[in-house]
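Dear colleague,

I am writing to hand over a structure for your study. Please open it alongside this message; an account of the findings follows it.

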Amino acid sequence: MTVSALILSLLLSFSGFSALALSLDRHHRAVFRTPVSRRRLRGLRAAGWSGLGLSCAAAIASAGWSFGPVQWIGSLTGSALAVVALIAYRPAALRTAAVAALPLATLMLPFALMR
């Protein structure tokens, strides 16, 4: 396991949890001040579950099946705490942080997969 692999897994799971949180009407209203539409709801849910799946794949690809799932669960815990803290204290910042997490994850990908 490398630090870059852990950061990649954290960023992907953060963006996934952010999308899943924004698919809930209460959190969507807190961030965007509008109700969530059905079309956006489906898109956010698909993006959220895809982010969590990619996070799992990145953790397993970088650390293998022996430690990858453990790393993934740890990154899920950390990113979920970050999303909850942002929603509770700075809901508008969640949108910016979630959008910034994806390009950062793309930048971390080559470093995370190096051995």
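**What was found**

R45 belongs to helix 3. Please bear in mind from the outset that this is a predicted model. R45 is partly exposed, because its relative accessible area is 41%, and a residue counts as partly exposed when it falls between the 20% limit for buried and the 50% limit for exposed. The C-alpha atom of R45 lies 17 Å from that of L11, and the two residues are 34 apart along the chain.

G43 is also in helix 3. With a relative accessible area of 39%, G43 is partly exposed. Between G43 and S23 there are 8.5 Å from C-alpha to C-alpha, with a separation of 20 residues in sequence.

How far does helix 3 reach between its end C-alpha atoms? Helix 3 runs over residues 38-89, and its end C-alpha atoms are only 27 Å apart. A straight helix of 52 residues would span 76 Å at 1.5 Å a residue.

Helix 4 may be considered next. From its first C-alpha to its last, helix 4 covers 30 Å with 22 residues, which is close to the 32 Å expected at 1.5 Å a residue. Helix 4 has a kink of about 30° at T106, shortly before the proline P110. Which residues of helix 4 are buried? They are L94, A98, A101, A105, M108 and A112.

As general background, nonpolar side chains in soluble globular proteins tend to be buried together.

The largest pocket has a volume of about 230 Å³. It is lined by 17 residues, of which S15, A19, A47, A98 and L102 are the closest to its centre. Which helices each supply at least two residues of this lining? They are helix 1 (3-22), helix 3 and helix 4 (91-112). Sorted by class, the lining consists of 10 nonpolar, 6 polar and 1 charged residues.

Is H28 buried or exposed? H28, which is in helix 2, is buried, because its relative accessibility is 0% and buried means under 20%. The C-alpha atoms of H28 and V3 are separated by 32 Å, and these residues are 25 apart along the chain.

R33 is found in the loop between helix 2 (25-32) and helix 3. R33 is exposed, because its relative accessible area is 69% and exposed means over 50%. Although R33 is not a glycine, it has a positive phi of about 65°.

Finally, L113 is in the segment after helix 4. L113 counts as partly exposed, at 44% relative accessibility. L113 and S4 are 109 residues apart along the chain, while their C-alpha atoms are separated by 8.5 Å.

Yours sincerely

Methods: Residues numbered from 1 in each chain as written. Predicted model: local features only at pLDDT ≥ 70, side-chain atom pairs only at ≥ 80, totals over all residues. Heavy atoms only, no water. Helix = DSSP H or I, 4+ residues; strand = E, 2+ residues; numbered from the N terminus. Expected span 1.5 Å × (residues − 1). 1 Å grid on protein atoms, 1.4 Å probe; cavity = no way out; pocket = protein on both sides within 12 Å on 5 of 7 lines; lining within 4 Å. Points joined across faces, edges and corners; volume = space filled by probe spheres on them. Nonpolar A, V, L, I, M, F, W, Y, C, P; charged D, E, K, R; others polar. Buried < 20%, exposed > 50% of the residue type's maximum accessible area, 1.4 Å probe, protein only. Bend = angle between axes of the 7 residues up to and from the residue.
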